[in-house]
Amino acid sequence: MLNIGDTLRSIREKKNFTLLEVADRSGISKSYLSKIENRMQSPSIEYLEKICLGLNIPVSIFMILADDTIGDFSDLTDSIKSLIYESL
């Protein structure tokens, strides 16, 4: 399962962006981004691409970070996610 809202907030805060900055950079309204972060909306792939452009992060990396599925490789996945967050 993907956790888009928490991932958006985590990346945004890691990069020290406000919601308004991401909104301006992505062309998406601040209120819509807030709804995504608060799990009230789920963005389409088109909007997710715009958000990722605004965050300056590839969609593929965003999706890795958003995937909260627990599987046989959860320890490895957590390590990879930690490395990605450190590199932001």
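1. In this predicted model, helix 1, spanning residues 4-14, packs against helix 3, spanning residues 30-37, at an angle of about 115 degrees, and their axes lie 7 Å apart. On the side of helix 1 the contact is made by Ile 4, Gly 5, Asp 6, Leu 8, Arg 9 and Arg 12, which meet Leu 33, Ile 36 and Glu 37 of helix 3. Sorted by class, the residues of this contact comprise 4 nonpolar, 1 polar and 4 charged.

2. Turning to burial, the residues of helix 1 that count as buried are Ile 4, Gly 5, Thr 7, Leu 8, Ile 11 and Arg 12. Viewed down the axis of helix 1, these buried residues fall within an arc of 165 degrees, and they therefore line one face of the helix. After helix 1 comes Asn 16, whose phi is positive, near 60 degrees.

3. Arg 12 deserves a separate point. This residue is placed in helix 1 and has a relative accessible area of 11%, so it is classed as buried, the cut-off being under 20%. When neighbours within four places in sequence are left aside, Arg 12 is in contact with Phe 17, Thr 18, Leu 19, Val 22, Glu 37 and Leu 55. Of these partners, Glu 37 belongs to the helix 3 side of the contact described in the opening point, while Leu 19 and Val 22 are in helix 2 and take part in its contact with helix 3.

4. Helix 2, residues 19-26, also packs against helix 3 at an angle of about 115 degrees, here with the axes 9 Å apart, and it passes helix 3 in a right-handed crossing. The residues involved are Leu 19, Leu 20, Val 22, Ala 23 and Ser 26 from helix 2, meeting Lys 30, Leu 33, Ser 34 and Glu 37 from helix 3. By class, this contact has 5 nonpolar, 2 polar and 2 charged residues. Leu 33 and Glu 37 are listed for helix 3 in its contact with helix 1 and again in its contact with helix 2.

5. As for aromatic rings, the structure holds 1 aromatic pair. The pair is formed by Tyr 32 and Tyr 47, whose ring centres are 5.5 Å apart and whose planes stand at 55 degrees, so the arrangement counts as tilted. Because Tyr 32 lies in helix 3 and Tyr 47 in helix 4, residues 45-55, the pair ties together parts that are 15 residues apart in sequence. Tyr 47 itself is partly exposed, with a relative accessible area of 35%.

Key
Residues are numbered from 1 along each chain as its sequence is written. This is a predicted model: local features need pLDDT of at least 70, side-chain atom pairs count only at pLDDT 80 or more; totals for chains, interfaces and linings use all residues. Side-chain values use heavy atoms; hydrogens and water are left out. Axes are lines fitted to C-alpha atoms, for helices over the stretch in contact, and angles run from 0 to 180 degrees between N-to-C directions. Helices (H or I, at least four residues) and strands (E, at least two) are DSSP runs, numbered from the N terminus. Contact means heavy atoms within 4.5 Å. Ala, Val, Leu, Ile, Met, Phe, Trp, Tyr, Cys and Pro count as nonpolar, Asp, Glu, Lys and Arg as charged, and the others, Gly among them, as polar. Buried means under 20% relative accessible area, exposed over 50%, partly exposed in between (1.4 Å probe, protein chains only). The arc is that of the directions from the helix axis to the C-beta atoms. A crossing is left-handed if the near helix is turned anticlockwise from the far one by less than a right angle, and right-handed if clockwise. Rings of Phe, Tyr and Trp (its six-membered ring) pair if their centres lie within 6.5 Å; planes under 30 degrees apart count as stacked, over 60 as edge-to-face and the rest as tilted.
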